[in-house]
Amino acid sequence: MSLSLSLTRRSASTFSTWLNQVLYVDHGVVVLNKPPGLICQLDRTKSSTGSSESSFSKCLAGLQQSLALDSMPYPIHRLDKGTTGTLLLARTLPSARALSQQFQQGTVEKTYLALVRGGKKTFPINSGIIKIPLQFQDGRVSLSTTRYGKPSVTEWELVGSSPVAPLSLLRMRLLTGHKHQLRVQLSRYLQAPILGDDLYSKTEPSAEIVDSVQLQRDRIYLHAYELSFFKYRPSGPHKRFRLGIRAPLPEDFVRICTNAQISLNSISIEGGIFVNGNFVQDGRVSEVGGYWYKYKHLMDA
């Protein structure tokens, strides 16, 4: 095999890997379903063993070439290394500026799903709001014991609890977006650490959890389930609309829920597009040239 052919095949494989993560594309944005382990930083990073981690720069370059974009996509926000789900990228600098302004103004809505260590008895109520401020020191985050912490607000809802293991599925909406906000609030306030989080919980999962589900090492089960933001139609009486993108759950997340007998609906498993809260059946948002990427081959036919 020639060197050029080998490089071509390797490049095609790399581009295919990143294209598999694309959820949605329109004139202004690309939305990825971020896999676990991807570090959302543009510089190269090294793991504790010295090997290279997944390169975000390579991801953006691969997306530029495979989607035939004029430039590399612009990152708008970050997700932690272990977190999966909706990651928003802008295709143009004006789009990046407009989306960044929405984040700053708090009009971007962020919803997460988390598998947590705690059964039905852990949650005497099915929903609530956490308003305890956070404090930051030496890279660690904790609940603030004074009034000088950063205001941090999260709405949470119990989706379901396992009848065979002390595990529950929570849905959370971030009204503020601080580092490790959900991890700290769930572990320290609700006393229900996210499954796989060994930073804010030092105890091992119970025998019932270990016997019921198969856990992966170095994996935290926190998923950025939905991201919604404002888009604008080029004409018409109602130009502004809210676009929501829901990211399919990772296979191992679904498998744990299945083994733990926690019910999931089809949209939670498969994801999809929403316009003003309404599910878009055909995966198209034609006013902004948008489409659910896995339907692209149907649209091109």
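## The second largest pocket

In this predicted model, the second largest pocket holds about 540 Å³ of space. Its lining is made up of 26 residues, and those nearest the centre are Arg-78, Leu-79, Asp-80, Tyr-112 and Lys-179. If you sort the lining by class, you get 10 nonpolar, 9 polar and 7 charged residues.

Which elements each supply at least two residues of this lining? They are strand E5, helix H4 (181-189) and strand E11. The largest share comes from E11, with 4 residues.

## The largest pocket

Now for the largest pocket, where about 820 Å³ of space lies. Of the 26 residues lining the largest pocket, Gly-196, Asp-198, Asp-218, Arg-219 and Ile-220 are the closest to its centre. Here the lining divides into 12 charged, 8 polar and 6 nonpolar residues.

Strand E5 spans residues 109-117, and it is worth a careful look in your viewer. Of its 9 residues, 8 are buried, so the strand is largely enclosed by the rest of the structure.

Two strands pair with E5. With E10 there are 8 bridges, and the two strands run antiparallel; Leu-115, for instance, has Leu-169 of E10 as its bridge partner. With E11 there are 6 bridges, again in an antiparallel arrangement.

## Ser-168, a buried serine

Ser-168 sits in strand E10, which covers residues 167-174. Is this serine buried or exposed? Its relative accessible area is 0%, under the 20% cut-off, so Ser-168 counts as buried. Its side chain reaches the backbone oxygen of Gly-118 at 2.6 Å.

Beyond its neighbours within four places in sequence, Ser-168 is in contact with a list of residues that includes Ala-114, Leu-115 and Val-116. Also among its contacts are Gly-118, Gly-119, Lys-120 and Phe-123, together with Leu-158, Gly-160, Ser-161 and Ile-262.

## Helix H6 and what covers it

Helix H6 runs over residues 251-259, and its buried residues are Asp-252, Phe-253, Val-254, Ile-256 and Cys-257. What covers these buried residues? The cover includes strands E5, E10 and E11 (222-232), as well as helix H7 (266-270). Just after H6 comes Gln-261, with a positive phi of about 60 degrees.

Most residues other than glycine have a negative phi. Against that background, two further residues are worth checking. His-180 has a positive phi of about 60 degrees although it is not a glycine, and it lies in the loop between E10 and H4. With a relative accessible area of 12%, His-180 is buried.

Gln-191 also has a positive phi, near 60 degrees, and is likewise a residue other than glycine. You will find Gln-191 in the loop between H4 and helix H5 (207-212). Its relative accessibility is 54%, over the 50% cut-off, so Gln-191 counts as exposed.

Phe-136 belongs to strand E7, residues 134-137. At 36% relative accessibility, this phenylalanine is partly exposed. How far apart are Phe-136 and His-178 in sequence and in space? They are separated by 42 residues in sequence and by 9.9 Å from C-alpha to C-alpha. His-178 is also in contact with Phe-136, as are Val-141, Lys-150 and Lys-179, once neighbours within four places in sequence are left aside.

Ser-144 lies in the loop between strand E8 (140-143) and strand E9 (154-161). This serine is buried, with a relative accessible area of 11%. Setting aside neighbours within four places in sequence, Ser-144 is in contact with Ile-132, Pro-133, Leu-134, Gln-135 and Gly-149.

Note on methods
Residues are numbered from 1 along each chain as its sequence is written. This is a predicted model: local features need pLDDT of at least 70, side-chain atom pairs count only at pLDDT 80 or more; totals for chains, interfaces and linings use all residues. Side-chain values use heavy atoms; hydrogens and water are left out. Buried means under 20% relative accessible area, exposed over 50%, partly exposed in between (1.4 Å probe, protein chains only). A polar contact is a pair of N or O atoms within 3.5 Å; within protein, one must be able to donate a hydrogen and the other to accept it, and residues adjacent in sequence count only if both atoms are side-chain atoms. Contact means heavy atoms within 4.5 Å. On a 1 Å grid over the protein atoms alone, a cavity is a set of points where a 1.4 Å probe fits but cannot get out, and a pocket is an open set with protein on both sides within 12 Å along at least five of seven lines; lining residues have an atom within 4 Å of a point. Grid points are joined across faces, edges and corners, and a volume is the space filled by probe spheres set on the points. Ala, Val, Leu, Ile, Met, Phe, Trp, Tyr, Cys and Pro count as nonpolar, Asp, Glu, Lys and Arg as charged, and the others, Gly among them, as polar. Two strands pair if DSSP finds at least two bridges between them.
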